[in-house]
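Hello,

Here is the structure I promised to pass on to you. Have a look at it first, and then read my notes below.

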Amino acid sequence: MKGGGPLENLGALSAIAFDKTGTLTEGRPRVTDVVAAADATEQELLQTAVAVEALSDHPLAAAIVRDGTERLKGPAAKATDLKSIPGRGVEAVVDGQTVHIGRDELFAEAGGEPLSDAVKASADELRSQGRTIMIVRQGARYLGVIGLMDTPRSAAPATTARLRELGITRMIMLSGDATPVAKAVAASVGIEDAWGDLMPEDKVEAIKKLRAAEGKVAMVGDGVNDAPALATATVGIAMGAAGSDVALETADVALMADDLSKLPFAVDLSRRTRRIIRQNVFVSMGVVAVLLPATILGLGIGPAVIAHEG
């Protein structure tokens, strides 16, 4: 706890916003579906995707490289010139052709051949099942869609239930994933309100809206992208072992163990601290209220001081 302010504020709020990846989920996604386009094969799709994502350090990229390599029956292709497009996907060059991998919005911004109805239908179907999707296009040709899923933390449902018992009446999950994916993950951990399709700056605006509606709001996150939202919240809470240095520096409260169940403990500790502070204030005022007239009515100042200090 970085000071008395965050300690008191954490016990006074009734709304908490959670980042999804690495906070409510394990942050270790896995490939669940590989759907090749009609004029491509699964091996061709994986060879291209693994080659490009091997150049990236994003958690989703690592999952594609790890799980995609296991499914490959031969070597991956060679990729160069990786460019990251924040919140959308990546661009690279494979066999002299530009490859784009990412969300639907990436291809609208990058131009070129639009999404085919078949590829869009595959992406929509996977999203409805709670998958994060990566569409792969090489040149003007769509190779298919890769679906990934991040496992919710086992402690998440119990954590949200305990927070409700402590008086947290509103919990919101913020995610860069598509809204259907965000809602599916949120429902699995006991959160009814999920906001998806958010860029890092959108999370900051979301926190501002919540503060305007709720007065005080906490934000729980772990990544570099969460730091602006952590700074905007009344109380920023960083997951410790999984948290980045930036998030830990920005946050007001750091959960030093990568254990979400510590969050209700921190909230309960803050509420009990506030009760003790109020108790001390009222007892002190009560003692003064008794001793002041007693002194005026004849009680010596010495006994009054002793009684007050006692």
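**Cores and a cavity**

In this predicted model, the largest nonpolar core has 34 residues, and V52, I101, I135, V136, I146 and L148 have the most contacts inside it. A nonpolar core is a set of buried Ala, Val, Leu, Ile, Met, Phe, Trp, Tyr and Cys residues joined through side-chain atoms within 4.5 Å; buried means under 20% relative accessible area (1.4 Å probe, protein chains only). Helix α3 gives the largest share of this core, six residues. Helices are DSSP runs of H or I with at least four residues, and strands are runs of E with at least two, numbered from the N terminus.

Another core, of 28 residues, lies apart from it, and L13, A186, I191 and A194 are among its members.

Now find T48 in α3 (residues 42-53). Is T48 buried or exposed? T48 is buried, with a relative accessible area of 4%. Leaving aside neighbours within four places in sequence, T48 is in contact (heavy atoms within 4.5 Å) with V99, V136, Q138 and L143.

By class, the lining of the largest cavity has four nonpolar, two polar and three charged residues, where Asp, Glu, Lys and Arg count as charged, Ala, Val, Leu, Ile, Met, Phe, Trp, Tyr, Cys and Pro as nonpolar, and the others, Gly among them, as polar. A cavity is a set of points on a 1 Å grid over the protein atoms alone where a 1.4 Å probe fits but cannot get out, and lining residues have an atom within 4 Å of a point.

Residues are numbered from 1 along each chain as its sequence is written, and side-chain values use heavy atoms, leaving out hydrogens and water. Local features need pLDDT of at least 70 and side-chain atom pairs count only at pLDDT 80 or more, while totals for chains, interfaces and linings use all residues.

Best wishes

Note on methods: Buried < 20%, exposed > 50% of the residue type's maximum accessible area, 1.4 Å probe, protein only.
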